[in-house]
Every structure is written in structure tokens, then in C-alpha cells.
Amino acid sequence: MLQAPKGTHDIYGGDMRLWRRVEDEIRALTDVYGYGEIRTPLFEHTELFLRGVGDTTDIVQKEMYTFLDKGGRSLSLRPELTASAARAYIERGMHNQPQPVKVFYIGPCFRYEKPQAGRYRQHYQFGVEVFGSYAPAVEAEVMSLGYRLFTGLGVRGVRLHVNSIGCVDCRVAFNGKLRDFLAQRLESLCGLCASRYEKNPLRVLDCKSPHCQAQITEAPITTQSLCGECAAHFATLQDLLTRLEIPFIVDPKIVRGLDYYTRTVFEFFHGDGLANGGGGRYDGLVSQLGGTPTGAVGFGVGMERLVLLLQAQAPPAHKGPELFIGHADPEGLAAACTLASELRKAGIHAEYDLAQRSVKAQMKYADKIKARHTTILGATELEKGACILKNMESGEGVAVQLADIKGRFGGLHNRV
Ligand code: HAM
């Protein structure tokens, strides 16, 4: 039997209702925070991720789905959306709009990772990106939005870990200290980290290998190498978070696994597991991709990991149709078909038999799909212009004029 590719999954039934709940919460939250939705292609030129995410990152070195198309171009399925959003910001001239430009997205990302609980080869990310501001208020805003997403969905115990890795100048000072520290441990690092030592030693701090992790427990921390401006930026951000009553922990271990970050980095955690979300400031990315220097901040939340947290909660109840219109003969079927169409046009969920069932089987089916009301149409009902409308919960039936049926139901928007 054909199976879905390793590390992918199908979302349906009760899980889909949880996903919809999360998406509804995201749309409500991004509305009040003033973020507009953006949809970018699932694949981009590979070059975008090499330059954006960074050619010494795990994502680019090990995890990208890269292929040549029939025209011989190297394309990659997007492993994340920040680089795509920055590309769109430049390409679509969004720098001409009032700044900052605030966008959000929900969509699939692809990474060739070792599948495990909460780690997939196709995962969905909800993310926000803010382009066009260097103010620490932006970090405070996106962190509060992220935090409120978790609490709004009833997830308790989320921890926000924040750190600053400084600007390009701070990085030069920090990389020097880090190289001195790593120099004595080079032999014990994995092959990839040994090669990262020269080009991008910060990446060693982010290596997933437990062996490398054991070597770096005493490594220097980035906040000790911050210049005056970066230190002040980080202090203002902490003050803002305190005023917003967003609890946070300053965690020097957070350095993030993508190369574009400058200054602030942060992650959301729940329990001891994998991060539920992460992001930071990336002031160099837009210019690196060919735009003018632009301050930017964003984060991404793994939708599957968020839904896993919610699975302990009851999914929203399945809503059956308002009315199932059964039929006793071919005239009844034609009438059921047109009545259902009329009700649907009015925003009322109606169903009728699509499987040539007997009357008895139609009523069994209506019960299974949790129809709130049923009726049966046939030559007699059409002649009288009336039918019996049965309330499936109480079992009571009332006679109604066919012309009055629509008025008996509110539109979908009136349903609980
Ligand atoms: P990231 O930390 O690589 O950051 O991914 C963001 C979140 O996506 C993670 O915290 C995790 O919840 C989820 N995630 C990542 N990989 C997987 C996977 N294989 N399976 C399931 N969930 C996963 C970014 O991608 C940045 N673009 C975030 C960002 C936006 N930074 C600035 N703006």
C-alpha cells in the first residue's frame, strides 16, 4: 500500500478542528495587532536561502529539498518563510508603504530532518515579520503577540527565553573569544563544527550533536561582548516586556540556528521539549538580499507543536447540518436538491441523500452525521406544500409549509 512520505502527516477530523481553532485565534490576534497576511511561493531560487538563512547553517547544509527544474534552475522548497518575506518586501516595493510593514503567514515549510515527535519533514509555520524599524518596541510587540497566542488558546506554562547576540561589530569581538575557547576543543567537535570554527563559530553553539553540546557548556556568552548601543537596546526591550507584563527569562544559550539574526533572539518553550517558536531581529537581511538597509524583526511558531500542546484539550465539537432533507421518491429527491441549494445560498448548512439510500437508511445516515433536523419529501408533501420537520434532539415533529422552511433557520453566522 502506498504511504505518505516519511515525516509528513495528514490533518483531518478532530485534529483539523483544532487547527481551525488555532488559525481562527491567529487571524483574530493578527487583526487587532494590525498584521496583513502574505502568501509567498512554496519554492524559491536556492540562492535566496543560501544568502538569507546562511550557507553554514544546518538548514542549508543538511536539510534543504533542492532540485533542478526542467529549465536547469536550482530551486528549493522553502525551509522557512523569513527570507521569502524579505524577498517579497524588496521585490514588491513595500518599502514605499508607510513603515513599518507588518505581515503574517501560515504555511508549510520543508526540512529534511530526522522525523520524531514534533519534528517533521513538512511542518506548518505561523509567523510574523515587521520590516522598517530599528526600535526595540517592535521586538516587544511581536513577543507579546506570540505570548498572547499561547495564552489565548489556553496553553499555560509557556516560557519566553530572550537573549542578545549583538550587531556585526559585537560579533567580531565575540567570535574572537569563542574561537579562543573552541581552539582547545577542536578535536572533540563534529566534522561540521570543526569546519564552522573558522567561518562562523557561533553556529557551533547551535549544533544539535550532544557531543558538541557537552564541549560548549562553559563557552563565552554573547551578552558579555555587547557594544553600548546593543546593550542599551536589550535593556530597553527588557523594560518594555516588564511593562507589558510578559514574563521572560534572559537565556544566554539562545543563539538561534539561522544566520540572519542581529541583536535580539528569542524562543518560546513549553516543558522540556523542543522550542515551540522562535525568532529575533534581523537588520542585515534586506540589504543582504539587495534592498536598502532595513531594520526587521519576526518569529515563527511550529503549528504542529502548538496543536500537540492543545491535543490534551477537547477539540471543538463537530457541527452537523441544520437540516437533512430525505426523499421518498424521485420527485422528492429533485425537491430536496433544490431546497438544499436554496438553504445553502442563505448560509444554512443543509444536506440531502447523495448515495441512493432507502428512506430508513437516509434517516440512519442523518443521525450519524448529527443533523439537527430532518424532513422527508415525496409526492404527497409536494402536493400539500407542507412537510414534517423533526427535531432530532427532542424527537418532536412539527408540520411546516415548504415555503416557510428557510425562515425557520438562522444563517450559519447565527449558530453556536
Ligand atoms: P525556526 O526556529 O527554524 O525559525 O522555526 C520556527 C519554529 O518552527 C520552531 O520553533 C518550531 O516550533 C517549528 N519547526 C521548525 N522546524 C520544524 C520541524 N522540522 N518540524 C516541526 N516544527 C518545526 C524560523 O524558521 C525563522 N524563520 C523564524 C523567524 C521568523 N525569525 C524571524 N522571523
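Arg263 lies in the loop between strand S8 (249-250) and strand S9 (264-270), where helices (H or I, at least four residues) and strands (E, at least two) are DSSP runs numbered from the N terminus. The model is predicted, so that local features need pLDDT of at least 70 and side-chain atom pairs count only at pLDDT 80 or more, whereas totals for chains, interfaces and linings use all residues. Residues are numbered from 1 along each chain as its sequence is written, and side-chain values use heavy atoms, with hydrogens and water left out.

**Backbone**

- Arg263, a residue other than glycine, has a positive phi, near 55°.
- The peptide bond that leads from Gln99 to Pro100 is cis, with omega near 0°, and Pro100 belongs to the loop between helix H4 (82-91) and strand S5 (101-110).
- Most residues other than glycine have a negative phi, and most peptide bonds are trans.

**Ligand surroundings**

- The ligand is surrounded by 26 residues (a heavy atom within 4 Å), and the closest are Glu80, Thr82, Glu113, Arg256 and Tyr261.
- By class, this shell holds 8 nonpolar, 11 polar and 7 charged residues (Ala, Val, Leu, Ile, Met, Phe, Trp, Tyr, Cys and Pro count as nonpolar, Asp, Glu, Lys and Arg as charged, and the others, Gly among them, as polar).
- One oxygen atom of the ligand is 3.1 Å from an N or O atom in the side chain of Gln125, an oxygen atom of the ligand is 3.1 Å from a polar backbone atom of Ala275, and a ligand nitrogen atom is 3.4 Å from an N or O atom in the side chain of Arg305 (polar contacts being pairs of N or O atoms within 3.5 Å).
- Of the 650 Å² of accessible area that the ligand has on its own, the protein covers 96% (Shrake-Rupley method, 1.4 Å probe).
- Strand S6 (122-131), strand S10 (277-281) and strand S11 (296-302) are the elements that give two or more residues to the shell, and S11 gives the most, with 4 residues.

**Helix packing**

- Helix H1 (residues 13-33) packs with helix H5 (residues 136-152) at an angle of about 150°, and their axes are 10 Å apart (lines fitted to C-alpha atoms over the stretch in contact, with angles from 0 to 180 degrees between N-to-C directions).
- Glu25, Ile26, Leu29 and Tyr33 of H1 meet Glu141, Ser144, Leu145, Arg148, Leu149 and Gly152 of H5 (contact meaning heavy atoms within 4.5 Å), and this contact has 5 nonpolar, 2 polar and 3 charged residues.

Terms used:
Polar contact = N/O pair within 3.5 Å; in protein donor to acceptor, adjacent residues only side chain to side chain.
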